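Open the viewer and keep the selection tool at hand. The tour goes one stop at a time.

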Amino acid sequence: MPLNKISQYERTNLSSAKAELLQSLLEKGGLTNERKMELDAFLRESALPYL
């Protein structure tokens with residue numbers, strides 16, 4: 001990812017996923033391997049427009 005796109009990517013992801021992720025972690029008892037894989041997939045997918 002180009003360096004000049006990183007901050008935009010971070011802002012976009014934090015604003016879109018933060019509430020859902022926090023709610024999921026609170027409701028389901030933390031970060032399991034399955035949730036980590038889902039989060040990793042989300043982050044990779046959301047980075048595509050910035051590459």
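Start with Arg35. This residue is buried yet has no salt bridge. The nearest side chain of opposite charge belongs to Glu38, 5.9 Å away. A salt bridge would need a side-chain nitrogen of Lys or Arg within 4 Å of a carboxyl oxygen of Asp or Glu. Keep in mind that this is a predicted model.

Where does Arg35 sit? Select residues 33-47: they form helix H2, and Arg35 lies in that helix. Now show what surrounds the side chain. Leaving out residues up to four places away in sequence, Arg35 touches Ser24, Leu25, Lys28 and Gly30. Select residues 3-28 next, and you have helix H1.

**Next stop: a charged pair**

Side chains of opposite charge can pair when their charged atoms come close. How many salt bridges does a search of the whole structure find? The search finds one. Select Lys36 and Asp40 to see their side chains meet in a salt bridge. The N to O distance is 3.1 Å. Stay with this pair and look along the helix. Lys36 and Asp40 are four residues apart in helix H2, so about one helical turn separates them.

Pick out Met1 from the group. Met1 is found in the segment before helix H1. Its relative accessibility is 38%, which means Met1 counts as partly exposed.

**Last stop: the whole chain**

Clear the selection and zoom out. Which secondary structure does the chain have? Two helices and zero strands.

Colour by burial. The chain has 51 residues, and buried residues make up 16% of them. Arg35, where the tour began, is a buried residue.

Finish by colouring the charges. The chain carries 7 positive and 7 negative charges.

Definitions and conventions
Residues numbered from 1 in each chain as written. Predicted model: local features only at pLDDT ≥ 70, side-chain atom pairs only at ≥ 80, totals over all residues. Heavy atoms only, no water. Buried < 20%, exposed > 50% of the residue type's maximum accessible area, 1.4 Å probe, protein only. Lys, Arg positive; Asp, Glu negative; His and termini not counted. Charge placed at Lys NZ, Arg CZ, Asp CG, Glu CD. Contact = heavy atoms within 4.5 Å.
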